[in-house]
Amino acid sequence: MIRPATIHDLGAIMALENSSFPDDAWSEQTMATEITSAHNRYFVDDEDGRVVGYGGVRALPGAPDSDIQTIALDPAFRGQGRGRRMLRLLLDQARERGARDTFLEVRDDNEVAQALYLAEGFVEIGRRPRYYKGGIDAIVMKIGLAGRAASAIESSTGWVAEPSTDWVAEPVEASPEDPSTSSGTQPRTPLEGSMDA
Ligand SMILES: CC(C)(COP(=O)(O)OP(=O)(O)OC[C@H]1O[C@@H](n2cnc3c(N)ncnc32)[C@H](O)[C@@H]1OP(=O)(O)O)[C@@H](O)C(=O)NCCC(=O)NCCS
């Protein structure tokens, strides 16, 4: 079941983060700030109490743009449609927030993620040369949310029935690396000051 992430999921999320992004994983503090930011919504894919995936979207109130911040599944749970389910839920959330478009960046060598994004209707709108460590380009993608049918995942998660999770942040200490002060998706390569999904 997909459910809203809380700060108590931080350890499990960080384990997946470090294994999924070995070269440029976010720090625990960055992830804590991400999870608890009032401008973000993070979810976990919970398999009988075990966190096997997570994803987050950022959407500021009244802003037309939103960003997929990150999405990752435990390797043992990939290829089962869980990534697509998470992505659709994140897009639902952005639309609910009032965003018109959602953006993300993906490594040029990440064919699996690209296939998912293209299949869901994202289109490539640009490239950032040598954006990631190792000189890998970022592909910038965008999807329009207008007219996009809701995925109906909310009803299966009970998300709508949980008012306490309605874009309300849990308290967390502010950090100099607070990504909530930046626009767009998160930097995984701080030197380049750029973002990743
Ligand atoms: C990218 C990721 C989130 C996709 O989640 P997933 O649960 O494995 O993907 P799904 O099972 O939902 O598959 C959705 C689509 O992704 C693509 N896909 C999935 N596995 C694939 C594979 N092994 N090869 C090629 N395409 C694949 C397909 O287009 C698939 O659609 P289809 O089943 O209709 O063909 C997951 O593989 C992952 O966690 N990767 C590591 C972290 C990462 O790269 N995150 C994205 C950063 S931008």
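These legends go with a set of close-up views of a predicted model.

**View 1. The sheet, strand by strand.** Seven strands make an open sheet here, running in the order S1-S2-S3-S4-S5-S7-S6, and the pairing is mixed. At the edges sit strand S1 (2–4) and strand S6 (123–132); each has a single partner strand, so one side of each goes without a neighbour in the sheet. Ignoring direction, neighbouring strands are turned against each other by 25 degrees on average.

**View 2. S3 alongside S4, with helix H1 on the sheet.** Strand S3, residues 50–59, pairs with S4 in the antiparallel sense, and seven bridges link the two. If you want a spot to start from, look for Gly53, which has Leu73 of S4 standing opposite. Helix H1 packs on the sheet here, touching strand S2 (40–47) as well as S3 and S4. The direction of H1 makes about 85 degrees with that of S3.

**View 3. Helix H3 on the sheet.** Which strands does H3 touch as it packs on the sheet? The list is S1, S2, S3, S4, S5 and strand S7 (136–144).

**View 4. S7 and its two antiparallel pairings.** S7 pairs with S5 in the antiparallel sense over seven bridges, and Glu105 has Val140 in S7 as its bridge partner. With S6, S7 again pairs in the antiparallel sense, this time over six bridges. Here Glu124 stands opposite Met141 in S7. S6 and S7 form a hairpin, and three residues lie between them.

**View 5. The largest pocket.** This one has a volume of about 680 Å³. Its lining counts 27 residues, and those nearest the centre are Ile71, Arg78, Asn110, Val112 and Ala113. Sorted by class, the lining comes out as 12 nonpolar, seven polar and eight charged residues. Where does the lining come from? Helix H1 (10–20), strand S4 (65–73), helix H3 (82–97), strand S5 (101–107) and helix H4 (111–119) each supply at least two residues. H4 gives the largest share, with four residues.

View 6. Across the chain the mean pLDDT is 84, and 77% of the residues reach 70 or more. Residues 155–165 are a stretch with pLDDT below 50, and in the model they have 13 contacts beyond near neighbours in sequence. Another stretch with pLDDT below 50 covers residues 189–195, which have 22 contacts in the model beyond near neighbours in sequence.

Notes:
Residues numbered from 1 in each chain as written. Predicted model: local features only at pLDDT ≥ 70, side-chain atom pairs only at ≥ 80, totals over all residues. Heavy atoms only, no water. 1 Å grid on protein atoms, 1.4 Å probe; cavity = no way out; pocket = protein on both sides within 12 Å on 5 of 7 lines; lining within 4 Å. Points joined across faces, edges and corners; volume = space filled by probe spheres on them. Nonpolar A, V, L, I, M, F, W, Y, C, P; charged D, E, K, R; others polar. Pairing = 2+ DSSP bridges. Axes fitted to C-alpha atoms, helices over the stretch in contact; angles between N-to-C directions. Contact = heavy atoms within 4.5 Å. pLDDT = per-residue confidence, 0-100.
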